[in-house]
Amino acid sequence: MDLTVTLLSESFAESMMMATGYVKLLEFLVKNYLIERREMMPHNATLLGIYRENGEEDFELAGTVELTFDRKGANANPPTPTPPNNSPYICNMAVRKPLRRRGIGWHLLRAGEDLITKMSSSREVYLHCRIIDEGPFNMYTKAGYSVAKTDSILTLLTLQRRRHLMCKELPVSEDTSAVDTPDDRLT
């Protein structure tokens, strides 16, 4: 958990242009958030991306992404614009800065979508992307997401960056190995 906390804290501090001195405070807040979210399983999950250099035995945490499958796993205070609270939601995706632009985010997104198709009966999945984040926006668009809503310009008054709420219709899972019948899926 500590590696995930550090990765998310550094990523949040970078995206919010916070001084590095605030990373320790952010680590405390993120750790408490992850402990709280862990209690919501099996209605949510956190996936980890591991990176290993060509054939080496050692590996490192490269990225992470959080998934919510239904209303029971939904974040109590999601960012705006608010996604439907019974739809799957992808959030808190982060890739370590030196490992970016290697497809790790793409693989985390695909793995998250695959798990969502097995764990949720809903086919619409949502995520947020800050308007200024051109790289992630292009990745999400390439993956089939489209803008469903955009924050009001008044969001800037709260000292937050404006965001798009993006949506994608996932295909029905053809792999039934994880779930025996539709009744076993989380609703």
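Mentor: The protein chain holds four helices and six strands, where helices (H or I, at least four residues) and strands (E, at least two) are DSSP runs numbered from the N terminus. Their order from the N terminus is α-α-β-β-β-α-β-α-β-β. The model is predicted: local features need pLDDT of at least 70, side-chain atom pairs count only at pLDDT 80 or more, and totals for chains, interfaces and linings use all residues. Residues are numbered from 1 along each chain as its sequence is written, and side-chain values use heavy atoms, with hydrogens and water left out.

Trainee: What makes strand β2 largely enclosed by the rest of the structure?

Mentor: Buried means under 20% relative accessible area, exposed means over 50%, and partly exposed lies in between (1.4 Å probe, protein chains only). In β2, residues 60–68, eight of the nine residues are buried, so the strand is largely enclosed. Over the 187 residues of the protein chain, buried residues make up 40%.

Trainee: How do you know that β2 pairs with β1 and with β3?

Mentor: Two strands pair if DSSP finds at least two bridges between them. Strand β1 (residues 44–51) is joined to β2 by eight bridges, and the two run antiparallel. Between β2 and β3 (residues 89–95) there are five bridges, also in the antiparallel sense. T68 in β2 stands opposite N44, and its bridge partner in β3 is Y89.

Trainee: Why is I104 called buried?

Mentor: I104 has a relative accessibility of 13%, so it counts as buried under the 20% limit. This residue lies in helix α3 (residues 104–119). The C-alpha atoms of I104 and T64 are separated by 9.3 Å, although the two residues are 40 apart along the chain.

Trainee: What makes the contact of R110 and E113 a salt bridge?

Mentor: A salt bridge requires a side-chain nitrogen of Lys or Arg within 4 Å of a carboxyl oxygen of Asp or Glu. The N to O distance for R110 and E113 is 2.8 Å, so the pair meets the definition. The two residues are three apart in helix α3 and are therefore separated by about one helical turn. R110 is partly exposed at 29% relative accessibility, whereas E113 is buried at 4%. By this rule the count comes to seven salt bridges.

Trainee: How do you know that R163 and D151 belong in that count, and which parts does the pair tie together?

Mentor: The closest N and O atoms of R163 and D151 are 3.7 Å apart, so the pair falls within the 4 Å limit. R163 lies in strand β6 (residues 163–169) and D151 in the loop between β5 (146–150) and β6, so the pair ties together parts that are 12 residues apart in sequence. R163 is buried at 12% relative accessibility, and D151 is buried at 4%. Salt bridges that share partners also join R110, E113 and K168 into one network.

Trainee: Why is the pair of Y140 and Y145 called edge-to-face?

Mentor: The structure holds one aromatic pair. Its members, Y140 and Y145, lie 6.1 Å apart centre to centre, with 65 degrees between the planes. Rings of Phe, Tyr and Trp (its six-membered ring) pair if their centres lie within 6.5 Å; planes under 30 degrees apart count as stacked, over 60 as edge-to-face and the rest as tilted. The pair is therefore edge-to-face. Both Y140 and Y145 are buried.
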